[in-house]
Amino acid sequence: MDFIELVQSAFEALLLNKMRTALAMLGIVIGIGSVITLVSLGQASSQSIQTQIQSLGANLLTISPGAQRSGGVREAAGSNTTLTLEDSNAIDSAHFASISKVSPEVSRRAQITAGRNNTNTQVIGVTPNYASVHSISMQSGSFITTQDVTGLKNVAVVGPQVVTDLFGGANPTGQTIRINKIPFTIIGITVSKGGTGFSNQDDIIFIPIITAQKTIFGIDYVTSISMSAANPNSMTQAQNDAGYLLLARHKISSVAQADFSIFSQADILGAASSVTGTFTALLAGIAAISLLVGGIGIMNIMLVTVIERTREIGLRKALGAKDGTVVTQFLVESIILTIVGGILGMILGIVLSLIISSFLSLPPAISISSILLAVGISGGIGILFGWYPARKAANMSPIEALRYE
Amino acid sequence: MIDVSHLSKIYKMDTVQTIALDDVSFSIDKGEFVAVMGPSGSGKSTLMHIIGALDTPTKGTYILDGEDVSKLSKDQLAEIRNKKIGFVFQSFNLLPRTTALKNVSLPMIYGGIPKKERMEKAKMLLKQVGLEDRMTHTSSQLSGGQMQRVAIARALAMNPSIILADEPTGNISSAQSNEIMCLFQNLQKQGHTIVMITHESSVAAYAQRIIYVKDGKIEKEGTPKKGKK
């Protein structure tokens with residue numbers, strides 16, 4: 001019996017009991033479908049997180065104040081107020097080859113009002129360097145200038161989300177908004193960078209840094225200093241250059257005692273991908289369990305089929321079918337069952353992940369590898385769970401099988 | 001053709017021993033039509049299983065076509081069944097929902113005969129048993145006699161050394177029984193060797209020689225009463 005005939009006769013046998021075949025397949029369809037859906041959703045969210053982090057700026061390094069120590073009690077990281085505008089200027093005027101731009105930042109949430117509308121959003125005090133360090137582009141108007149900073153001007157650049165929230169989308173350039181009741185004139189609107197929830201980079205207001213320190217928040221420190229490295233290879237060098245300069249300025253002798261920390265965008269990216277990787281693996285694990293259940297379903301049905309076809313098996317053996325031939329016949333049936341189920345499951349998975357990702361406004365990410373894997377796995381399940389019933393069929397004694405009623 | 005000597009078959013169930021065949025010896029020549037008769041429990045089914053290479057004896061030898069079948073492996077037995085033995089069962093044992101043509105070609109599939117040749121041979125055999133107008137009928141569309149003819153055509157498919165029939169008329173009407181028995185007689189005239197198990201003397205009468213089995217032993221051998229045909 002050649003291969004094509006084998007497949008043909010397996011199809012015929014499966015079509016004899018359509019309902020049972022369909023039900024057996026359903027387990028595999030759901031299993032493979034959920035594996036593909038969950039894995040592609042996991043990959044889509046991981047991609048979306050990575051794009052968001054990358055859009056924060058190229059070759060970005062951030063210096064944050066470290067934890068404050070008071071009498072041996074360590075407070076939360078970032079609670080310290082050791083970073084100042086002077087630190088930032090010192091890094092800038094050192095003109096390290098590894099660092100291209102330095103951007104000191106003061107960031108807090110504040111209540112904003114414009115006419116009758118109001119919102120609570122992130123207000124960041126910046127210098128002109130912020131735009132290039134964080135890859136901000138302007139939709140209209142201009143970004144904060146050096147004159148705005150040194151002149152302590154009350155001007156603001158707003159994100160598109162703020163425009164929507166406060167002005168209903170109308171062009172607000174030249175309009176006045178009140179930050180903590182102090183009036184500011186809008187001089188520009190940034191281009192949308194996307195993002196949702198905590199990381200919404202469109203729901204943001206930029207004002208000159210000295211204005212923010214003196215007029216709005218009443219502080220003399222900065223909450224962070226961002227730097228862009230000259231190129232991706234000089235990230236580590238930039239980290240060292242800025243780090244040792246600050247250690248010297250803060251009169252700290254050992255790195256372990258540093259009252260600040262410097263982390264790069266690569267660190268955040270790494271942490272984020274490890275989180276999403278674990279998440280994806282978890283989802284895939286859950287889906288794999290349903291695949292396992294589907295496989296057991298196949299074994300169940302094949303066992304019933306073997307019992308039901310006892311006489312047929314006995315006859316085939318009496319007519320000269322060897323044990324191996326009988327094993328092959330039943331294995332091919334279960335493999336066809338799982339592969340057809342796998343293909344249907346693949347289609348279901350692709351459709352489902354397209355629908356869900358459009359609802360969650362994630363980029364669709366269906367990888368060829370996950371599809372091939374799913375089809376391969378379903379074939380494997382066919383062999384794994386078809387083996388026992390097929391062996392059972394082959395081991396039947398032809399005499400007993402022919403006598404079976 | 002068939003040479004059975006000192007054949008014994010003992011079934012062991014826990015501590016109980018059942019002697020199904022006890023030192024049986026006989027031989028059947030090529031072209032003979034032999035009936036094996038005996039009451040139920042006499043061991044004639046066990047004898048048929050061994051002759052049909054479905055089972056192996058506990059003791060003794062069984063030589064078929066010059067080959068000792070008593071000590072072969074499972075796969076070798078399957079090959080013997082395929083090439084040298086044509087089975088005709090009491091309950092026909094055709095594949096359900098399958099055409100007569102496909103049923104007849106089934107042993108040829110396991111014999112590794114190419115598809116085209118299989119189909120031609122199956123058509124030829126169905127013509128031979130008088131079913132040329134029933135080739136594409138499925139088993140359920142055939143009468144008992146017709147089903148047994150399909151089974152006989154299937155038994156002939158691999159040109160076996162012997163045709164082994166187990167109560168071939170047990171499930172069909174007497175009129176059709178006569179037709180089937182005449183078919184066997186015709187096959188014998190064409191040179192086929194036929195061994196038939198039965199408990200009906202009227203059916204055994206179509207054979208040339210009758211072996212009577214009782215309590216696992218050969219009780220006697222004889223020829224059917226003449227004038228019965």
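Two residues are taken to be in contact if their C-beta atoms, placed from the backbone, lie within 7 Å. The model examined here is predicted, so local features need pLDDT of at least 70 and side-chain atom pairs count only at pLDDT 80 or more, while totals for chains, interfaces and linings use all residues. Residues are numbered from 1 along each chain as its sequence is written, with chains lettered from A and ligands numbered from 1 in the order in which they are written.

The contact between the two chains draws 19 residues from chain B and 16 residues from chain A. On the side of chain B that touches chain A, helix H2 (74-84) and helix H3 (100-110) are the elements that give two or more residues. The largest share, 6 residues, comes from H2(B). By type, this side of chain B divides into 9 nonpolar, 4 polar and 6 charged residues. Here Ala, Val, Leu, Ile, Met, Phe, Trp, Tyr, Cys and Pro count as nonpolar, Asp, Glu, Lys and Arg as charged, and the others, Gly among them, as polar.

Chain B as a whole holds 7 helices and 10 strands; these are DSSP runs numbered from the N terminus, helices being H or I of at least four residues and strands E of at least two. Its radius of gyration of 17 Å agrees with the value near 17 Å for a compact globule of 229 residues, where the radius is taken over C-alpha atoms and the globule rule is 2.2 Å times the number of residues to the power 0.38. The C-alpha trace of chain B spans about 50 × 45 × 35 Å along its principal axes.

Within chain B, 4 strands form an open antiparallel sheet in the order S2-S1-S4-S5, and two strands pair if DSSP finds at least two bridges between them. Strand S2 (16-28) and strand S5 (67-68) are the edges, each pairing on one side only. Between strand S1 (residues 2-13) and strand S4 (residues 59-64) of chain B there are 5 bridges, and B:Val4 stands opposite B:Tyr62 in S4(B).

In chain A, strand S9 (residues 182-190) is joined to strand S6 (residues 138-141) by 3 antiparallel bridges, and A:Gly141 stands opposite A:Gly188. Strand S7 (residues 155-158) runs parallel to S9(A) over 4 bridges; there, A:Gly188 is the bridge partner of A:Val157. S8(A) and S9(A) form a hairpin with 2 residues between them, and A:Asn180 in the turn has a positive phi of about 45°.
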